[in-house]
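Visitor: Hi, I have a structure open on my screen and would like to talk it through. Could you walk me around it?

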Amino acid sequence: NKATLVNPNLSQVFTEMLKDKFLKESKLDVVEQDGDWTLSGYISSYSTSPVAISSDNKAQQTRLTIAIDVKFEDKFDKKKNFDQSFSNYSDFDNSKSLSDVESTLITDISTKIIQDIYSKTALDW
């Protein structure tokens, strides 16, 4: 996790969700080394920003954005290899604190990013 703002659980949650996606939706297995495909990466950004500003200049919603930098290597088809950043966000009402909704937002955002990663790596396989 190389983000300025760090959620201590995000790396583990994201990794497990990514593994589950590949295990459930492909015929691939997770191995520790010498795999046909290698996925590695890090959390490059975890940030909040105000959105939906009201007429009195107060934010009515806040956006949580997560970005993951991913390196993908295919042992047999080097043309598929890539280094790319994937990001997504979710908004929440300012009547709630980030800590109240953070777990749900992380799951929502991670699911979207993982689908993007899966689409880029496995859908044409």
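Visitor: Let's start at the hairpin of β1 and β2. Which residue there takes a positive phi?
Guide: That is N57, with a positive phi near 60 degrees, in a hairpin that has five residues between its strands. Strands here are DSSP runs of E with at least two residues, helices are runs of H or I with at least four residues, and both are numbered from the N terminus. Keep in mind that this is a predicted model: local features need pLDDT of at least 70, side-chain atom pairs count only at pLDDT 80 or more, and totals for chains, interfaces and linings use all residues. Residues are numbered from 1 along each chain as its sequence is written, and side-chain values use heavy atoms, with hydrogens and water left out.

Visitor: Why point out a positive phi?
Guide: Because most residues other than glycine have a negative phi.

Visitor: OK. Is N57 buried or exposed?
Guide: N57 is exposed, with a relative accessible area of 66%. Buried means under 20% relative accessible area, exposed means over 50%, and partly exposed is in between, using a 1.4 Å probe and protein chains only.

Visitor: Which other residue has phi near 60 degrees?
Guide: D34 has a positive phi near 60 degrees, and D34 is a residue other than glycine. You will find D34 in the loop between α1 (10-25) and β1. D34 is exposed too, at a relative accessible area of 66%.

Visitor: Back to the strands. How many bridges join β1 and β2?
Guide: Strand β1 (residues 37-53) and strand β2 (residues 59-74) pair in the antiparallel sense over 15 bridges. Two strands count as paired if DSSP finds at least two bridges between them.

Visitor: Which residues of β2 face T38 and S47?
Guide: T38 stands opposite E73, and S47 stands opposite T65.

Visitor: And how do β2 and β3 pair?
Guide: β2 and β3 pair in the antiparallel sense over 12 bridges. One place to look is L64, whose bridge partner in β3 is S90.

Visitor: Let's stay with S90. Is it buried or exposed?
Guide: S90 is buried, with a relative accessible area of 11%.

Visitor: What is S90 in contact with?
Guide: Leaving aside neighbours within four places in sequence, S90 is in contact with T62, R63, L64, L105, D108 and I109. Contact means heavy atoms within 4.5 Å. S90 and T62 are 28 residues apart along the chain, and their C-alpha atoms are separated by 8.5 Å.

Visitor: What about T4 and T62, how far apart are they in space?
Guide: T4 and T62 are 18 Å apart, C-alpha to C-alpha, and 58 residues apart in sequence. T4 lies in the segment before α1, and T4 is exposed, with a relative accessible area of 85%.

Visitor: Where is K79?
Guide: K79 is in the loop between β2 and β3. K79 is exposed, with a relative accessible area of 77%.

Visitor: Now zoom out. What pattern does the protein follow along the sequence?
Guide: The pattern is α-β-β-β-α, made up of two helices and three strands. The C-alpha trace spans about 60 × 25 × 25 Å along its principal axes.

Visitor: How many residues are there, and what share count as buried?
Guide: There are 125 residues, and 31% count as buried. Of the contacts with a separation of 6 or more, 61% are between residues 24 or more positions apart.

Visitor: How many charged side chains, positive and negative?
Guide: There are 15 positive and 20 negative side chains, and the centres of the two sets lie 3 Å apart. Lys and Arg count as positive and Asp and Glu as negative, while His and the chain ends are not counted. Each charge is placed at NZ of Lys, CZ of Arg, CG of Asp or CD of Glu.

Visitor: Last one: what is the mean pLDDT?
Guide: The mean is 93, and 99% of the residues reach 70 or more. pLDDT is the predictor's confidence in each residue, from 0 to 100. Confidence is lowest in β1, at a mean of 93, and highest in strand β3 (residues 82-93), at 97.
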